[in-house]
Amino acid sequence: MSGLVFIISAPSGSGKSTLVNEIRQTVGEMDFSVSYTTRKPRGSETNGREYFYIGRDEFEAMIRRDAFLEYADVFGNYYGTARRFLDEAGKRGHDLLLDIDVQGASQLQKKLPDAISIFILPPSRIELEKRLRRRSSAENVPDDVILRRLQTASREIENYGNYDYILVNDLLEDSIDALKAIVLSERIRTTGREPSVEEQELFRLAELYRLANMRASIQSILATFRGSESSVVSN
Ligand code: ADP
Ligand code: 5GP
């Protein structure tokens, strides 16, 4: 019942949707902002669940109506967060989870300075490419689309320093535990009460992922993205 806003960003393919879905299913009183997009649904995605899929004309009409808290052009498609999700979560006393790109996060951090931001990194560029290829294989996504996502990833990850927490999504179970610890410890913090012994463990875990505590250890990951923007390996 804390009314917190959690912003999650990550290069496409890092596993952000997987982690966000887990949080949506297992953490209570957490609303998810379903973004609007002009891209087509992927795989089993369903209108109103992952996104609202609309045409460019409709999206631009929403921009004119000032219906978006933020919006951005990502990979040639519009993506936007509707204002109403923030209003509705606030009315319910729920927290709100936003899955948005680095451009949207930067717009929102100015409008909502108390928002808690989390950047998810893949363990390496090669692992990101593998995940992108695995996810794309069923849909016959062409190489140039994968290449574009990897190039965008190289640029996006340079924004990691604008986030409160950095999570390297290597072992999925560890990432889920870390993300839950971040959310639950931030909730306890807003109550102002002393954490119990069990809750102190959540704080300890969450602190490991603070930007200041992650800077040194992620340098080797960032290095795998530098100077390799144009190479794509095939599997
Ligand atoms: P994003 O939302 O960041 O674009 P997805 O959640 O769709 O990424 O994940 C991309 C692919 O990587 C999917 O096939 C997913 O099952 C897989 N994946 C996610 N997390 C992990 C992980 N920790 N280890 C291995 N594969 C993962
Ligand atoms: P995908 O097409 O892989 O689902 O998402 C592509 C990118 O768009 C991801 O980085 C995702 O976080 C971002 N995105 C999704 N919804 C929004 C939104 O409402 N606003 C912004 N700015 N980015 C979004």
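An oxygen atom of ligand 1 lies 2.6 Å from an N or O atom in the side chain of threonine 18. This is a polar contact, a pair of N or O atoms within 3.5 Å; within protein, one must be able to donate a hydrogen and the other to accept it, and residues adjacent in sequence count only if both atoms are side-chain atoms. The model is predicted: local features need pLDDT of at least 70, side-chain atom pairs count only at pLDDT 80 or more, and totals for chains, interfaces and linings use all residues. Residues are numbered from 1 along each chain as its sequence is written, chains are lettered from A and ligands numbered from 1 in the order in which they are written, and side-chain values use heavy atoms, without hydrogens and water.

Arginine 135 places a polar side-chain atom 2.6 Å from an oxygen atom of ligand 1. A polar backbone atom of glycine 15 is 3.0 Å from a ligand 1 oxygen. Taken alone, ligand 1 exposes 570 Å², and the protein buries 79% of that (Shrake-Rupley method, 1.4 Å probe). Helix 1 (16-26) and helix 5 (125-137) are the elements that give two or more residues to the shell around ligand 1 (helices are DSSP runs of H or I, at least four residues; strands are runs of E, at least two).

Asparagine 169 lies in the loop between strand 9 (165-168) and helix 7 (172-191). This residue is buried, with a relative accessible area of 3% (buried means under 20%, with a 1.4 Å probe and protein chains only). The asparagine 169 side chain reaches the backbone oxygen of serine 14 at 2.8 Å. It also makes a polar contact with the side chain of serine 175, at 2.9 Å.

How values were computed. Buried < 20%, exposed > 50% of the residue type's maximum accessible area, 1.4 Å probe, protein only.
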